[in-house]
Amino acid sequence: MILEHASGAQILIHVGMNTVSLKGEGFTAHVKTGDVITRGQLLLEFDIALIEQAGYPVITPVIVPNGQECVKQVEVAASQSDPAQAVITIQC
């Protein structure tokens, strides 16, 4: 999934390694290309057990493939109520 800021900066979220081989199985997108998203909006759900059973690691890199030159600061804040839900803020 790629998110793009008005500045052109992009964030690539890749759930698992080589999970493209699953051809979408175990993934439910809640947004589509061109949607405007808001903070806290659910973007994607995925079945961790299915990914692991298929033999893929669930490590999820978050990459800035375009617009690195405008990134001034990156902050990661865990939710107080659910530490597994982190918010990544990128300031351009």
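Mentor: Contact here means heavy atoms within 4.5 Å. A word on the ground rules: this is a predicted model, in which local features need pLDDT of at least 70 and side-chain atom pairs count only at pLDDT 80 or more, while totals for chains, interfaces and linings use all residues. Residues are numbered from 1 along each chain as its sequence is written, and side-chain values use heavy atoms, with hydrogens and water left out.

Threonine 19 has a relative accessible area of 6%, so it counts as buried (buried is under 20% relative accessible area, exposed over 50%, partly exposed in between, with a 1.4 Å probe and protein chains only).

The setting of threonine 19 is the loop between strand S2 (10–13) and S3. Helices (H or I, at least four residues) and strands (E, at least two) are DSSP runs, numbered from the N terminus. Two other residues of this loop are worth a look. Asparagine 18 lies in the loop between S2 and S3, and its phi is positive, about 65°, although it is not a glycine. Lysine 23 is in the loop between S2 and S3 too, with a positive phi near 55° in a residue other than glycine. Asparagine 18 is exposed, because its relative accessibility is 53%, and lysine 23 is exposed with a relative accessible area of 78%.

Now follow S2 into its sheet. An open sheet is formed by 3 strands in the order S1-S2-S5, with antiparallel pairing. Strand S1 (2–4) and strand S5 (62–63) are at the edges with a single partner strand each, so one side of each is left without a neighbour in the sheet. Strands pair if DSSP finds at least two bridges between them, and S2 is joined to antiparallel S5 by 2 bridges. Opposite isoleucine 13 stands valine 62 in S5.

Valine 62 leads us to the surface. Val62, Val74, Val76 and Ile88 form a nonpolar patch there, with about 340 Å² of accessible area together. Such patches are made of residues with over 30% relative accessible area and no salt bridge, joining nonpolar side chains (Val, Leu, Ile, Met, Phe, Trp, Tyr) within 5 Å and like charges within 9 Å. The areas come from the Shrake-Rupley method with a 1.4 Å probe; for residues, only the protein chains shown count as cover. Isoleucine 88 sits in strand S7 (residues 86–91) and, with a relative accessible area of 40%, is partly exposed. Not counting residues up to four places away in sequence, isoleucine 88 touches Val62, Val74, Glu75 and Val76. Between isoleucine 88 and glutamate 75 the C-alpha to C-alpha distance is 5.7 Å, although they are 13 residues apart in sequence.

For charge, turn to lysine 32: it forms a salt bridge with aspartate 35, the closest N and O atoms being 3.3 Å apart. The structure holds 1 salt bridge, defined as a side-chain nitrogen of Lys or Arg within 4 Å of a carboxyl oxygen of Asp or Glu. Lysine 32 is exposed at 62% relative accessible area, whereas aspartate 35 is partly exposed at 32%.

Finally, step back to the whole. The protein has 1 helix and 7 strands, running β-β-β-β-α-β-β-β from the N terminus on. Its C-alpha trace spans about 40 × 30 × 20 Å along the principal axes. Of the 92 residues, 13% count as buried, and threonine 19, where we began, is buried. Among contacts with a separation of 6 or more, residues 24 or more positions apart account for 47%.
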